[in-house]
Amino acid sequence: MALKYCQGPSCHQYTTQDRLRGTKGNKTFQTRRRTSFYYGQSNFCSLNCQNDWFSEYGNRAINHFGRLTEPKKLTEENAWVKDYNWRTNADDSHHYYYLNKITKEQRPITEEQYNDMDYELNTI
Ligand SMILES: [Zn+2]
């Protein structure tokens, strides 16, 4: 697997031993390089580096991809979520239903419908 660099703009400024590279008289602290990272879709070696990136580039990224200027709204038509009663019935089954998070209306569904990712009540 190819090695890649942590995208944290200040990664090299965290002076840990694993970042210290080079021979005597020619040592530098360097950006971490790994095959994969745990943070930020495998782009950052630590939450610090991820936060550093956002502090540096966050506003530009949000402006580039579209800043919200009005609230997004979940309407009655799109507020359906699948849920089930975790208590089992007498026959060892669960009570599955759709719940409208706004109106609180419940509509019973089968376990098959519950597990079917294509079965949707939401209209958008
Ligand atoms: Zn880093």
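**View A. Two buried cysteines and the zinc ion in a predicted model.** Cys-45 is buried, and Cys-49 is buried as well; the model in which they are seen here is a predicted one. Both belong to the set of donors around the zinc ion, which is coordinated by the SG atoms of Cys-6, Cys-11, Cys-45 and Cys-49 at 2.2 to 2.3 Å. The angles that the four donor atoms subtend at the zinc ion run from 107 to 114 degrees, and the arrangement is therefore tetrahedral. For comparison, the ideal angle for four tetrahedral donors at a metal is 109.5 degrees. Along the sequence, the donor residues follow the spacing C-x4-C-x33-C-x3-C.

View B. The largest nonpolar core consists of six residues, namely Cys-6, Cys-11, Phe-37, Phe-44, Cys-45 and Cys-49. With residues up to four places away in sequence left out, Cys-6 touches Cys-11, Phe-37, Phe-44, Cys-45 and Cys-49, and its contacts also include Thr-31, Arg-32 and Asn-43.

**View C. Strand β1 at Lys-4.** Lys-4, which has its place in strand β1, is classed as partly exposed because its relative accessible area is 31%. Although Lys-4 and Arg-34 are 30 residues apart along the chain, their C-alpha atoms are separated by 5.6 Å. When neighbours within four places in sequence are set aside, Lys-4 is in contact with Arg-32, Arg-33, Arg-34, Thr-35, Ser-36, Phe-37 and Ser-42.

View D. In accessibility, Gln-41 counts as exposed because its relative value is 76%, whereas Ser-42, at 17%, counts as buried. Ser-42 is also one of the residues in contact with Lys-4 of View C.

**View E. Gln-30 in the loop between β3 and β4.** Gln-30 lies between β3 (28-29) and β4, in the loop that joins them, and is partly exposed, with a relative accessible area of 35%. Its C-alpha atom is separated by 4.6 Å from that of His-12, a residue 18 places apart from Gln-30 along the chain. Apart from neighbours within four places in sequence, the residues in contact with Gln-30 are His-12, Arg-19 and Arg-21.

**View F. Gln-13 in the loop between β1 and β2.** Gln-13 has its place in the loop between β1 (4-5) and β2 (20-21), where a relative accessible area of 55% makes this residue exposed. Between the C-alpha atoms of Gln-13 and Arg-87, which are 74 residues apart in sequence, the distance in space is 53 Å.

View G. Helix α1 comprises residues 47-65, and its end C-alpha atoms are only 22 Å apart, whereas a straight helix of 19 residues would span 27 Å at 1.5 Å a residue. Just after α1 comes Gly-66, with a positive phi of about 115 degrees.

View H. Lys-82 and Ile-109 are 27 residues apart in sequence, and the distance between their C-alpha atoms is 8.8 Å.

Note on methods:
Residues numbered from 1 in each chain as written. Predicted model: local features only at pLDDT ≥ 70, side-chain atom pairs only at ≥ 80, totals over all residues. Heavy atoms only, no water. Donors = N, O, S within 2.8 Å, 3.2 Å for Na, K, Ca; no water. Tetrahedral: all angles 85-135°; square planar, octahedral: opposite > 155°, others 65-115°. Buried < 20%, exposed > 50% of the residue type's maximum accessible area, 1.4 Å probe, protein only. Core = buried A, V, L, I, M, F, W, Y, C linked by side-chain atoms within 4.5 Å. Contact = heavy atoms within 4.5 Å. Helix = DSSP H or I, 4+ residues; strand = E, 2+ residues; numbered from the N terminus. Expected span 1.5 Å × (residues − 1).
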